[in-house]
Protein chains: 4
Amino acid sequence: MEYKILDKGFLRLVDMMGDDYAAVKAARVSYGKGIKTPEKDRNLIFYLMEHGHETPFEHIVFTFHVKAPIFVARQWFRHRIGSFNEASLRYTELKDEFYIPDHVRKNVVEDKQKAIRVDDEQLKQKALDLIESSIENSYKVYKELLEMGVAREMARIVLPMSSYTQFYWTVNARSLMNFLNLRADSHAQWEIQQYALNIANIFREKCPWTFEAFLKFAYKGDLLKGGE
Amino acid sequence: MEYKILDKGFLRLVDMMGDDYAAVKAARVSYGKGIKTPEKDRNLIFYLMEHGHETPFEHIVFTFHVKAPIFVARQWFRHRIGSFNEASLRYTELKDEFYIPDHVRKNVVEDKQKAIRVDDEQLKQKALDLIESSIENSYKVYKELLEMGVAREMARIVLPMSSYTQFYWTVNARSLMNFLNLRADSHAQWEIQQYALNIANIFREKCPWTFEAFLKFAYKGDLLKGGE
Amino acid sequence: MEYKILDKGFLRLVDMMGDDYAAVKAARVSYGKGIKTPEKDRNLIFYLMEHGHETPFEHIVFTFHVKAPIFVARQWFRHRIGSFNEASLRYTELKDEFYIPDHVRKNVVEDKQKAIRVDDEQLKQKALDLIESSIENSYKVYKELLEMGVAREMARIVLPMSSYTQFYWTVNARSLMNFLNLRADSHAQWEIQQYALNIANIFREKCPWTFEAFLKFAYKGDLLKGGE
Amino acid sequence: MEYKILDKGFLRLVDMMGDDYAAVKAARVSYGKGIKTPEKDRNLIFYLMEHGHETPFEHIVFTFHVKAPIFVARQWFRHRIGSFNEASLRYTELKDEFYIPDHVRKNVVEDKQKAIRVDDEQLKQKALDLIESSIENSYKVYKELLEMGVAREMARIVLPMSSYTQFYWTVNARSLMNFLNLRADSHAQWEIQQYALNIANIFREKCPWTFEAFLKFAYKGDLLKGGE
């Protein structure tokens with residue numbers, strides 16, 4: 001299962017452990033399936049979420065493989081409860097892959113945390129051309145430096161924040177819910193929202209009760225609400 | 001798979017995610033199986049371990065169900081990188097299950113962190129009788145208090161540290177290796193060593209290359225050495 | 001500054017780093033005092049708390065020295081984001097210090113997480129006598145075992161959960177607020193509430209704006225509300 | 001106290017808590033100064049370090065204010081045990097401040113993790129000119145985009161990894177030692193080494209016994225050795 005995100009990025013679920021029942025069993029510290037009746041199990045998940053008992057959800061764990069622009073990865077890596085392995089530009093040459101937006105956003109005067117889409121077609125085209133040619137130029141210099149023999153770790157300092165990077169991310173469901181609280185929200189940058197929305201989809205599919213209870217009792221963002 | 005430990009304890013592997021290849025794939029941030037050749041994959045694991053690159057091992061995750069005396073659980077819970085869910089004596093009545101040793105240890109004068117077994121049969125019998133009757137008495141009082149209507153959370157304050165408790169523990173392989181460094185070691189208390197040795201067995205079986213590389217390059221304890 | 005808690009426990013603030021201004025400076029990543037005007041600084045703290053920007057509060061750090069019964073310490077140590085050093089009963093002999101309640105609580109039928117005080121004087125006296133004599137008996141056996149030469153780590157397994165232990169706890173303000181959310185709450189066990197209330201007092205005194213903003217926007221418990 | 005680092009960076013110690021005695025007191029869980037004799041206290045620190053008892057060093061805490069290029073900050077933020085607050089380029093305009101190296105490094109064929117300085121003056125000048133003009137061009141485009149009204153969060157995607165950023169970092173001595181193990185080492189990138197060496201200086205000055213014991217028993221890097 002691979003979700004295409006932005007122009008060249010992706011999100012893949014590499015592996016996972018546990019499901020709604022894993023949280024139920026951990027909460028009951030129980031043997032075997034730990035199942036009473038589906039209704040009781042579901043109620044337990046709702047009870048845990050409502051009362052902020054979040055540790056049982058730490059026994060559900062996901063590993064994702066992500067390809068995202070560096071400015072998105074920088075926001076992602078601020079979530080410290082989780083494990084990251086990123087491809088290093090010290091040892092590997094960067095491929096010619098950069099995020100080029102397909103729209104342009106402007107800052108909003110009233111709320112400096114928000115940015116909205118511009119529909120001025122001329123402005124949009126001019127801005128996107130500028131962005132693209134600047135990135136092309138940076139990459140050309142990067143390649144030139146490498147050809148001169150400059151170390152990869154040094155040449156890459158000219159590369160722009162839109163460069164794509166890849167990483168593995170292992171995270172438990174509790175920490176994933178914190179990620180969704182902050183990133184599946186209109187105050188997050190639009191680009192990381194796209195990743196967060198796909199993570200939410202995977203989470204909903206794999207742990208439907210937990211997801212439902214999360215939306216009902218613990219979700220602090222806004223993007224996942226409406227459609228419910 | 002359930003390992004019997006001490007007189008009434010156990011260790012069960014409830015679930016796990018990943019194996020040696022999970023570390024290989026995370027280290028290479030690679031697609032698909034991420035396999036080159038078994039030899040190269042194995043070499044990579046040894047390279048990572050030798051050079052202290054421990055993050056790839058965080059993508060291997062285990063969930064255990066443990067039954068252990070409270071004084072063992074107290075040592076266990078000091079390992080903060082991991083997830084715990086313990087049965088609560090505030091809401092559940094303790095069953096009549098206590099750890100009664102089958103041997104007696106004395107402190108060693110030269111090394112206050114060590115304790116050695118006594119082979120004085122008379123001393124042993126006297127000490128074990130004392131322990132058992134003290135524990136029985138505490139439990140009797142506990143039951144009496146409950147029958148009088150005293151709250152479980154209050155009655156349990158008379159219960160001894162040898163009371164058995166149960167918990168779920170989710171831990172990644174990096175943190176599990178830290179646990180083995182400290183607890184699969186002759187300076188750890190004998191009782192927790194028994195759990196650590198069984199955890200080591202499971203780890204060896206599930207991640208043979210990682211285990212071998214751990215013993216070779218990163219293990220700081222002593223109990224797992226000899227038999228290799 | 002030492003607060004007496006329960007019959008023989010205490011809480012001491014050993015050291016601390018930062019105050020309201022430390023959070024302000026960290027949020028602004030600013031030089032020097034980072035002060036604009038007291039009003040703006042205070043508003044920033046309220047803004048951060050209201051919008052769940054909790055990282056600036058991690059730069060305020062406290063070190064406490066705590067003496068508490070083991071069943072309280074066990075609840076305390078479940079808060080993993082923080083540093084603990086506890087006196088070990090493997091190397092040190094336990095002094096004759098146990099928590100003996102001055103009241104008795106019963107479980108509530110309607111809410112198994114609650115326990116209420118009993119005012120039946122006869123029941124109370126009988127229960128407390130039982131508790132005290134059981135604890136005395138356990139301690140007598142412990143001393144006897146030590147005199148026979150049994151190792152401290154083994155003799156202590158008969159000691160009751162009401163035994164006093166001591167530990168150092170270093171915790172940042174963000175994690176301390178999580179502690180207060182769970183422990184300065186009527187669903188927490190009464191004994192740990194007493195510690196939490198004193199921690200809240202220290203927090204209020206040292207970081208008055210942060211405390212006020214916490215109560216207003218982020219506090220999920222109930223005990224700190226009323227009196228405000 | 002502010003250390004100038006690289007061409008425009010710095011490291012400032014904003015605040016700290018504890019010293020060698022804080023570790024001694026925590027290890028002994030002791031009252032008051034916790035001092036026995038300076039010799040015994042120093043010996044305890046060496047004993048703790050030699051035997052891997054690292055928790056007492058968590059009670060020594062530092063807050064730093066750092067200005068560093070983004071590619072350095074990215075390496076820094078991988079150290080998850082610590083608190084970060086970074087100035088955001090979503091809300092603040094980037095100043096015209098970029099890291100321009102004063103030397104050029106080449107990759108080493110035999111060891112892909114190493115890079116060595118070039119003394120070919122012509123190559124060096126050509127490479128540095130390329131780097132500088134590429135960075136200037138990127139910044140020019142960034143400013144142009146802002147003037148057109150493009151949102152800061154979007155315009156910054158053209159900015160290079162050499163852009164300076166600033167952040168607050170609160171870290172305990174145990175985690176700081178892990179940082180030094182990895183970054184005060186010749187395998188780390190030269191630029192982050194410069195920060196690590198200055199952090200080591202501050203650590204040595206503030207906690208001389210702990211630093212000495214660290215070098216003797218726990219340090220895994222190479223840069224701090226020789227000069228001792």
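A:K143 is partly exposed, with 28% relative accessible area. In this predicted model, the side chain of A:K143 meets that of A:E93 in a salt bridge, with 2.7 Å from N to O.

A:R90 forms a salt bridge with A:E153, and their closest N and O atoms are 2.9 Å apart. Because A:E153 sits in helix α5 of chain A and A:R90 in the loop between β4 and β5, the pair ties together parts 63 residues apart in sequence. Both A:E153 and A:R90 are buried.

B:K67 is in strand β3 (residues 61–69) and B:E97 in the loop between β4 (83–86) and β5 (105–107), 30 residues apart. B:K67 is buried at 7% relative accessible area, whereas B:E97 is partly exposed at 22%. Over all chains the structure holds 60 salt bridges. Some are joined in a network, which links A:E54, A:E58, A:R174 and C:R80.

The contact between chain A and chain D involves 57 residues from each of these chains. About 5,200 Å² is buried between them, and carbon and sulfur atoms give 57% of that area. Six salt bridges are counted between chain A and chain D. One of them joins D:E86 to A:R74, with the closest N and O atoms 2.8 Å apart. The interface also has 27 residue pairs in polar contact, both residues being at pLDDT 80 or more. On the chain A side, the elements that each supply at least two residues are α3 (70–76), β4 (83–86), β5 (105–107), α4 (121–148), α5 (152–155) and α7 (190–206). Helix α4 gives the most, with 13 residues. By class, this side has 29 nonpolar, 14 polar and 14 charged residues.

D:E86 leads on to strand β4 (residues 83–86) of chain D, which is covered on both faces: D:S83 and D:N85 are buried on one side, D:F84 and D:E86 on the other. This strand pairs with β7 (residues 164–172) of chain D in the antiparallel sense over four bridges. The bridge partner of D:S83 in β7 is D:T170.

Technical notes. Residues are numbered from 1 along each chain as its sequence is written. Chains are lettered from A and ligands numbered from 1 in the order in which they are written. This is a predicted model: local features need pLDDT of at least 70, side-chain atom pairs count only at pLDDT 80 or more; totals for chains, interfaces and linings use all residues. Side-chain values use heavy atoms; hydrogens and water are left out. Contact means heavy atoms within 4.5 Å. Buried area is the accessible area (1.4 Å probe) that two parts lose on being put together, summed over both. A salt bridge is a side-chain nitrogen of Lys or Arg within 4 Å of a carboxyl oxygen of Asp or Glu. A polar contact is a pair of N or O atoms within 3.5 Å; within protein, one must be able to donate a hydrogen and the other to accept it, and residues adjacent in sequence count only if both atoms are side-chain atoms. Ala, Val, Leu, Ile, Met, Phe, Trp, Tyr, Cys and Pro count as nonpolar, Asp, Glu, Lys and Arg as charged, and the others, Gly among them, as polar. Buried means under 20% relative accessible area, exposed over 50%, partly exposed in between (1.4 Å probe, protein chains only). Two strands pair if DSSP finds at least two bridges between them.
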